[in-house]
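This report describes one protein chain, going from its overall make-up to individual residues. Please keep the sequence and the structure in view while reading.

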Amino acid sequence: FLEMLIDTYAKFIEEWGKQLRREPYEKACMQVHKRLQVINEEMSNQRGWICIKEITWRVKTPDSCLNKMLDKGYAADVELAAEKLNDIAGVRAVCYFLDDMYQVMEMLRTTPGYEFIKVKDYVKKPKASGYQSLHLIMKIPVGEQMVKVETQIRTQAMDFWSDIEHHFVYKTNNLNIEECEEEFLKCSKSIRKIDKQMLKIRRKIENTQ
Ligand code: 0O2
């Protein structure tokens, strides 16, 4: 039985490693990346500051796809993974200000051909860990196909928190870090305050100009 299981996992990883399987996701990421660059240009011209500091993308590795399927209690089935995993294609936009995040989302939403499936607003309602980010699950046209992409939009402060927590807490199985988890939650609350303060300061300055 164990041998059968290992064989199934190996086949899953081999299939998700094939360029033919990954290509539509890569193309989808590059397309959203380009669209975000255009959005950034438009918004930045309008507002007078660079709205999106950084845009990155990645296609989930076969190992990570397998781990996520198993974590979620699904079988290691290639087609099922394409159906169930929302973030095989993942794009991230890091903004300076909270209000810009929502403006970027609206501009993506009104992009012709883009279909929004779900918005997860972990800014309005952070996760128990303190994780904050705006997740947009959407389908975009790539040739004849509609490909699922998860776009994460966050502020620089949220990104800073998330990167560190991801490395030391989210992706570890360390059970002896309860105290650190509380510290991370406190930091997330401070970051929330700072993001709001920065927005307030910017608006104050704008009102004086
Ligand atoms: P990785 O390796 O970073 O990609 P669902 O869409 O509801 O079916 P999913 O995809 O688990 O399920 O949704 P969720 O919770 O929105 O998480 C999507 C991604 O957000 C995660 O992908 C993480 O990258 C990030 N994330 C979610 N929660 C946390 C958190 O508490 N801390 C940090 N640092 N990141 C988080 P993966 O595939 O789990 O991980």
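Of the 209 residues in the chain, 41% are buried, where buried stands for a relative accessible area under 20%, exposed for over 50% and partly exposed for the range in between, with a 1.4 Å probe and protein chains only. This is a predicted model, in which local features need pLDDT of at least 70 and side-chain atom pairs count only at pLDDT 80 or more, while totals for chains, interfaces and linings use all residues. Residues are numbered from 1 along each chain as its sequence is written, and side-chain values use heavy atoms, with hydrogens and water left out.

**Overall make-up**

The chain holds seven helices and five strands, and from the N terminus the order of these elements is α-α-β-α-α-β-α-β-β-β-α-α. Helices (H or I, at least four residues) and strands (E, at least two) are DSSP runs, numbered from the N terminus. Taken along the principal axes, the box filled by the C-alpha atoms is roughly 70 × 50 × 20 Å. Among the contacts with a separation of 6 or more, 67% join residues 24 or more positions apart, a contact being heavy atoms within 4.5 Å.

As for charge, the chain carries 34 positive and 32 negative charges, whose mean positions are 6 Å apart. In this count Lys and Arg are positive and Asp and Glu negative, with His and the chain ends not counted, and each charge is placed at NZ of Lys, CZ of Arg, CG of Asp or CD of Glu.

**Cysteines and the nonpolar core**

Nonpolar side chains tend to be buried together in soluble globular proteins. In this chain the largest nonpolar core has 54 residues, and Phe-12 and Leu-36 touch the most other members. Helix H2 (residues 19-47) gives this core its largest share, seven residues. A nonpolar core is here a set of buried Ala, Val, Leu, Ile, Met, Phe, Trp, Tyr and Cys residues joined through side-chain atoms within 4.5 Å. Beyond its neighbours within four places in sequence, Leu-36 is in contact with Ile-52, Ile-55, Val-91, Ala-93, Val-104, Leu-108 and Thr-151.

**Selected residues**

| Pair | Apart in sequence | C-alpha to C-alpha |
|---|---|---|
| Arg-192 and Met-158 | 34 residues | 8.1 Å |
| Ile-205 and Gly-113 | 92 residues | 38 Å |
| Asn-40 and Glu-54 | 14 residues | 9.9 Å |
| Met-138 and Lys-118 | 20 residues | 6.9 Å |

Asn-40 is part of helix H2 and counts as buried at 12% relative accessibility. Leaving out residues up to four places away in sequence, Asn-40 touches Ile-50, Cys-51 and Ile-52.

Met-138 sits in strand S4 (residues 134-142) and is buried, with 0% relative accessibility. Not counting residues up to four places away in sequence, the residues that Met-138 touches include Val-32, Leu-108, Tyr-114, Phe-116, Val-147 and Thr-151.

Helix H7 (residues 178-208) contains Arg-192, which is partly exposed at 24% relative accessibility. With residues up to four places away in sequence set aside, Arg-192 touches Val-123, Lys-124, Pro-126 and Gln-132. Ile-205 also has its place in helix H7 and, at 43% relative accessibility, counts as partly exposed.

Helix H6 (residues 156-170) has as its buried residues Ala-157, Met-158, Asp-159, Trp-161, Ser-162, Glu-165 and Val-169. Which elements do the buried residues of H6 pack against? They pack against strand S1 (52-59), strand S2 (89-95), helix H5 (98-109), strand S5 (145-155) and H7.
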